[in-house]
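Please keep the sequence and the structure in view while reading.

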Protein chains: 2
Amino acid sequence: MDVIETHRYRYRRPASNVTYLAHLFGVIAIIFMLVWLLHYRGGIDLDSDHANRIFNVHPFLMFFGFIFLVGEAMMVYKTVGAERKVQKYVHMFIHLLALCLGIVGIHSAFKFHEKSHIPNLRTLHSWIGIGTFSLFCLQWLLGLSLFIFGGSSIETRARAAPWHVVGGRALFFMAICAALTGLMQRATLLQPMMNKNESGLINFLGLAILLFGVSVELSISLARYI
Amino acid sequence: MDVIETHRYRYRRPASNVTYLAHLFGVIAIIFMLVWLLHYRGGIDLDSDHANRIFNVHPFLMFFGFIFLVGEAMMVYKTVGAERKVQKYVHMFIHLLALCLGIVGIHSAFKFHEKSHIPNLRTLHSWIGIGTFSLFCLQWLLGLSLFIFGGSSIETRARAAPWHVVGGRALFFMAICAALTGLMQRATLLQPMMNKNESGLINFLGLAILLFGVSVELSISLARYI
């Protein structure tokens with residue numbers, strides 16, 4: 001066990017190899033996403049006249065702005081070398097940033113639908129996505145009131161902590177499912193218009209997102225073992 | 001802690017509420033799947049002349065035959081009231097059955113592709129699916145040689161056990177992602193031909209699969225806390 005406990009402060013657990021892998025897969029996914037949207041799909045622009053460029057904001061912000069940041073926020077206790085209290089605040093602030101960027105990302109999908117006269121919230125992807133995002137907001141508010149504001153006792157915090165961890169991990173799992181169903185939907189719709197290179201790139205992007213999800217989960221699970 | 005340890009045998013941990021929820025979501029998903037395939041999609045038949053009926057074997061066996069059984073096998077240590085050794089054998093045999101049914105399920109997708117002149121293994125769904133299934137076979141063989149055959153020492157087993165658990169959970173996560181991307185692909189392709197009822201049914205089926213996945217994961221995570 002590499003955790004050094006001094007009074008109520010816990011210093012950084014050294015990041016394991018899986019944590020480095022998680023960063024790596026996350027960065028690879030961002031690069032693949034940018035190559036896909038900028039090179040093959042005409043760019044990213046929320047104020048464009050082209051509906052597709054408005055749409056492209058959605059996958060970019062939902063992965064880079066939301067899922068990637070949430071994953072990094074979950075691993076803060078292993079990657080940020082600071083007092084427990086500082087780690088907690090960083091964990092909370094990165095999540096807040098992720099939620100704000102996520103809201104812009106969701107807005108871009110609604111804006112694209114409106115411009116293209118497509119009904120909102122009909123697909124499995126949208127149901128998983130909006131459900132997960134709403135629960136994430138709730139989880140953030142609960143976390144804020146329990147662990148940041150000083151109202152609750154040490155015992156309440158200790159009792160709530162495992163549920164906060166387990167709930168957060170379940171929501172992260174759901175967010176990865178939302179991302180992959182969204183990518184799959186887009187790839188299926190674009191299939192007749194795509195060349196082999198783009199189709200391969202999308203598959204590798206999906207694998208990178210999946211492996212980011214798995215390695216963040218492993219990085220957190222294995223903290224209890226190694 | 002509700003675990004009763006007597007020498008090397010560990011008796012059943014009482015199933016938590018989350019475990020019952022997992023069974024419930026699993027059964028709901030099977031029912032929704034059957035209603036969808038039998039009522040809306042013309043039935044399930046591997047030897048049919050209709051390509052779609054051959055295809056329908058795939059989602060049915062990959063969920064009921066593979067994912068559902070794997071999830072139940074993972075929860076065996078909480079649901080089967082028997083000696084540790086018996087639980088282990090049940091865990092292994094259910095996985096073996098799941099792998100056999102999974103092979104038939106994968107075969108049906110290839111048979112459908114051949115009949116419909118669709119190339120194999122091109123989509124993100126197929127890459128995630130075939131990758132996950134191959135790793136599951138490897139995981140089963142590793143588990144068999146480490147924990148069932150008597151060659152390895154108690155220390156080796158103790159050191160390998162957390163990796164077996166964590167690896168198995170990661171693969172289960174990936175299997176759920178494979179299922180949901182597959183369902184999303186199918187729903188996107190069928191979109192122009194579907195009425196609102198079928199489209200809603202598919203979304204609820206997807207949610208039931210996702211909630212089965214999340215509750216199996218929670219049932220296993222929470223075993224360490226409650």
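## Helices H6(A) and H7(B)

In H6(A), the residues A:Trp163, A:Val166, A:Ala170, A:Phe173, A:Met174 and A:Cys177 meet B:Leu210, B:Gly213, B:Val214, B:Glu217, B:Leu218, B:Ser221 and B:Leu222 of H7(B). Contact means heavy atoms within 4.5 Å. By class, this contact of H6(A) with H7(B) has ten nonpolar, two polar and one charged residues. Ala, Val, Leu, Ile, Met, Phe, Trp, Tyr, Cys and Pro count as nonpolar, Asp, Glu, Lys and Arg as charged, and the others, Gly among them, as polar.

This is a predicted model, in which local features need pLDDT of at least 70 and side-chain atom pairs count only at pLDDT 80 or more, while totals for chains, interfaces and linings use all residues. Residues are numbered from 1 along each chain as its sequence is written, chains are lettered from A and ligands numbered from 1 in the order in which they are written, and side-chain values use heavy atoms, with hydrogens and water left out.

## Geometry of the pair

Two packed helices are described by the angle between their axes and the distance between the axes. The axes of helix H6 (residues 154-190) of chain A and H7(B) come within 10 Å and cross at roughly 150°. Axes are lines fitted to C-alpha atoms, for helices over the stretch in contact, and angles run from 0 to 180 degrees between N-to-C directions. H6(A) is therefore roughly antiparallel to H7(B); angles under 35 degrees count as roughly parallel, over 145 as roughly antiparallel, 65 to 115 as roughly perpendicular and the rest as oblique.

The crossing of H6(A) and H7(B) is right-handed. A crossing is left-handed if the near helix is turned anticlockwise from the far one by less than a right angle, and right-handed if clockwise. Helices (H or I, at least four residues) and strands (E, at least two) are DSSP runs, numbered from the N terminus.

## Helices H5(A) and H7(B)

Helix H5 (residues 124-148) of chain A also packs on helix H7 (residues 196-222) of chain B, at an angle of about 45° and with the axes 9 Å apart. H5(A) and H7(B) are therefore oblique to each other. Their crossing is right-handed.

From H5(A), A:Leu124, A:Trp127 and A:Ile128 meet residues of H7(B), including B:Asn203, B:Phe204 and B:Leu210. The residues of this contact divide into six nonpolar, three polar and no charged.

## A pair within chain A

Helix H2 (residues 51-74) and helix H4 (residues 84-116) of chain A have axes that come within 8 Å and cross at roughly 160°. H2(A) and H4(A) are therefore roughly antiparallel to each other. The residues of their contact divide into 20 nonpolar, nine polar and two charged.

## Relation of the two chains

How are the two copies related? A rotation of 180° with 0.0 Å of shift along its axis superposes chain A on chain B, with an RMSD of 0.0 Å. The two copies are thus related as by a two-fold rotation axis. Copies are superposed by least squares on the C-alpha atoms of residues with pLDDT of at least 70 in both.

Of the residues of chain A, A:Thr181 comes closest to the rotation axis, at 2.5 Å (C-alpha).
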